[in-house]
Amino acid sequence: MYGYCLRGQMDRARSIFDFMIDKSIEPDIICYNVLINGYCKKKKLAEAMQMFREISQKRPKPNVVTYNTILQGLFEVGRIGSVKQYGLVEEAMSYFNKLEIKRVSRDIGFYNGVINGLCQNGELDKAHAIFEKLSIMGLLPNLRTYNTRITGFCLEGLLDEAKAMIRKMGDNGYLPNEVTYNVIVQGFLRYSKIGEMTTFMKEMAGKGFSFDATTTELLINIIRKNPSVLDMMPHFHSKTKK
């Protein structure tokens with residue numbers, strides 16, 4: 001069943017699950033989680049939610065993995081669809097709040113997923129509220145937490161806030177990595193802040209970091225529209241002349 005889910009062959013995975021039921025083999029929570037995750041990956045949220053509601057009303061009860069999978073499915077489909085129409089982010093947060101009330105044990109990875117889902121859907125205030133609450137719960141933000149918040153700011157064009165978060169991560173002992181630099185450079189490229197972008201590009205080069213595919217594509221598109229941008233990027237310009 002797990003193998004079929006990995007390959008996205010959900011009909012075959014479900015047939016194995018149904019076969020277990022027919023043979024009076026009661027699936028455990030791992031089986032449910034595997035199937036729910038497979039449906040979420042294929043954006044088949046209705047099927048995932050049906051299984052989630054099924055185990056919410058009987059045994060086995062959903063665990064933190066189940067909730068995390070459902071949350072990420074709701075966030076992802078909400079991101080590519082119409083959040084206002086479907087209300088998927090609100091539904092995700094209702095499940096998140098239930099977990100908060102139950103005080104189910106969660107680690108920083110779980111909260112990173114929630115913060116990322118909110119940032120990807122433009123819910124920066126909600127993401128900030130959870131971020132600020134981490135220390136109260138005895139959890140410390142890690143590099144992924146900071147990168148996730150920086151990504152959220154950049155997606156919304158809040159570049160000053162993104163730079164402030166980079167300073168904050170430095171104050172807390174985390175140095176920007178290649179992901180951090182690519183995210184912030186992409187933000188400057190999307191909003192045509194070429195002057196500030198070159199500062200971060202020079203820092204990237206000095207630290208031996210490289211552009212990822214998204215940064216490269218954005219940069220090429222900018223140069224095509226305005227070749228004079230190359231003159232503002234001496235390091236990149238010298239490479240293109242070799």
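A residue is called buried here when its relative accessible area is under 20%, exposed when that value is over 50%, and partly exposed in between, with a 1.4 Å probe and protein chains only. The structure is a predicted model, in which local features need pLDDT of at least 70 and side-chain atom pairs count only at pLDDT 80 or more, while totals for chains, interfaces and linings use all residues. Residues are numbered from 1 along each chain as its sequence is written, and side-chain values use heavy atoms, with hydrogens and water left out.

The overall picture is a helical one. The chain's secondary structure comes to 15 helices and zero strands, where helices (H or I, at least four residues) and strands (E, at least two) are DSSP runs numbered from the N terminus. Along the principal axes, the C-alpha atoms fill a box of roughly 70 × 40 × 35 Å. Of the 242 residues, 43% count as buried. With contact meaning heavy atoms within 4.5 Å, 59% of the contacts between residues at least 6 apart in sequence join residues at least 24 apart.

Asn 33 sits in helix H3 (residues 29-41) and has a relative accessible area of 9%, so Asn 33 is buried. Beyond its neighbours within four places in sequence, Asn 33 is in contact with Asn 63, Val 65 and Thr 66. With Thr 66, the side chain of Asn 33 makes a side-chain polar contact at 2.6 Å; such a contact is a pair of N or O atoms within 3.5 Å, and within protein one must be able to donate a hydrogen and the other to accept it, residues adjacent in sequence counting only if both atoms are side-chain atoms. Leu 99, in helix H7 (residues 88-102), is buried with a relative accessible area of 0%. Not counting residues up to four places away in sequence, Leu 99 touches Tyr 67, Val 104, Arg 106 and Phe 110. The C-alpha atoms of Leu 99 and Lys 61, 38 residues apart along the chain, are separated by 13 Å.

Helix H10 (residues 143-155) can be followed from end to end. The expected span of a helix is 1.5 Å times one less than its number of residues, so the 13 residues of H10 should span 18 Å, in agreement with the 18 Å between its end C-alpha atoms. Buried residues of H10 include Thr 145, Tyr 146, Arg 149 and Phe 153. The buried residues of H10 pack against helices H8 (108-120), H9 (124-133), H11 (159-171) and H12 (178-190). Just after H10, Gly 157 takes a positive phi of about 80 degrees.

The axes of H10 and H12 come within 9 Å and cross at roughly 5 degrees. H10 is therefore roughly parallel to H12. Axes are lines fitted to C-alpha atoms, for helices over the stretch in contact, with angles from 0 to 180 degrees between N-to-C directions; angles under 35 degrees count as roughly parallel, over 145 as roughly antiparallel, 65 to 115 as roughly perpendicular and the rest as oblique. On the H10 side the contact involves Leu 143, Asn 147, Ile 150, Thr 151 and Cys 154, and on the H12 side Val 179, Thr 180, Val 183, Ile 184 and Gly 187.
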